[in-house]
Amino acid sequence: MRLSPYEKEVQREIEQWQHGEASLLVKALSWAMQPMDWVVNQVVPEDMLDQASTAVEQFLSVLNNASEWTYDADDLLKRAQERGLEAETIADLRDQPLETLDELAKGLFTQNAMLAAIEGGGTGLGGAVLIAADIPLLFGINFRLIQQIGATYWFELKGPDFQPLVLSIFNVAASGETRSKNDAIREISVAGAAFANDLNYKGRVTGTLRDQNRHLPREIAKNIVGRKIAQTIPIAGAAVGAGINYWFTTETAETTYMLFRALYLERKERI
């Protein structure tokens, strides 16, 4: 199916995002965190870093459980109706104008980023005691956000089959690397081919989390946990916790937004 002028413009925007460097926010955060990283390396016990890394792996492992794949579709549909879309179910969002769906998706960014920041600020006050609780809460907020944005474009993520897509998003959000974006776009291409032919999506690599990529959770943890550990520093913990959670959720939102727009276009070009 032929793309509209707006959709072609979005296609170019996605290509620029895919091949571009990390965002200014990511660069600024990396620069700001350099002295903090040095402090963390000097004072944080190795077992604390292991504990936080384990928390990331445990959350990602729950994605193997179908009962964990739930979100509030009614809230999303209410937002869609407020924007004039006649949508009683998520299926009704299929083939709606991309311009409208983009606005609907962007409306989810700030709400979730602020929720993550508040959560991070609160648990940051607890320093090392609460950091293990903070990480699964942060990933939980971001997982729901991924599902909300995916459903905005009609792509409901309802089970472990979609785990490769979710892992790809978390990997890009945590690293911002071009290599990670290229891997995610390849996963989108596989999903687009499946949806265009009314087939069930299966990731490029199936099986358990460890089967799919045993190194990925560690890579995500390396990029997130080092910064989260800075919450253990007295007084700065609340501010650091709020800031890191806001940054990570914003990156997750932007990555998910780009990838599901790419999936929308990939499917449309194939039908």
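The legends below accompany an overall view and several close-up views of a predicted model.

**Figure 1. Overall view of the helical protein.** The secondary structure of this predicted model comprises 12 helices and 0 strands, so that, reading from the N terminus, the order of elements is α-α-α-α-α-α-α-α-α-α-α-α. Of the 271 residues in the protein, 50% are buried, and the exposed surface comes to about 12800 Å², of which carbon and sulfur atoms supply 53%. Among contacts in the protein with a separation of 6 or more, 80% are between residues 24 or more positions apart.

**Figure 2. Close-up of the largest nonpolar core.** This core holds 69 residues, and the members that touch the most other members are Y153, F170 and F248. Helix α12, which spans residues 237-270, contributes 13 residues to the core, the largest share. In soluble globular proteins, nonpolar side chains tend to be buried together.

**Figure 3. Close-up of the surroundings of Y153.** Once its neighbours within four places in sequence are left aside, Y153 is in contact with L98, L101, D102 and A105, and also with Y257, F260, R261 and Y264.

Figure 4. Apart from neighbours within four places in sequence, the residues in contact with K268 are M1, R2, L3 and E7.

Conventions:
Residues numbered from 1 in each chain as written. Predicted model: local features only at pLDDT ≥ 70, side-chain atom pairs only at ≥ 80, totals over all residues. Heavy atoms only, no water. Helix = DSSP H or I, 4+ residues; strand = E, 2+ residues; numbered from the N terminus. Buried < 20%, exposed > 50% of the residue type's maximum accessible area, 1.4 Å probe, protein only. Contact = heavy atoms within 4.5 Å. Areas by Shrake-Rupley, 256 points an atom, 1.4 Å probe, with all protein chains shown as cover. Core = buried A, V, L, I, M, F, W, Y, C linked by side-chain atoms within 4.5 Å.
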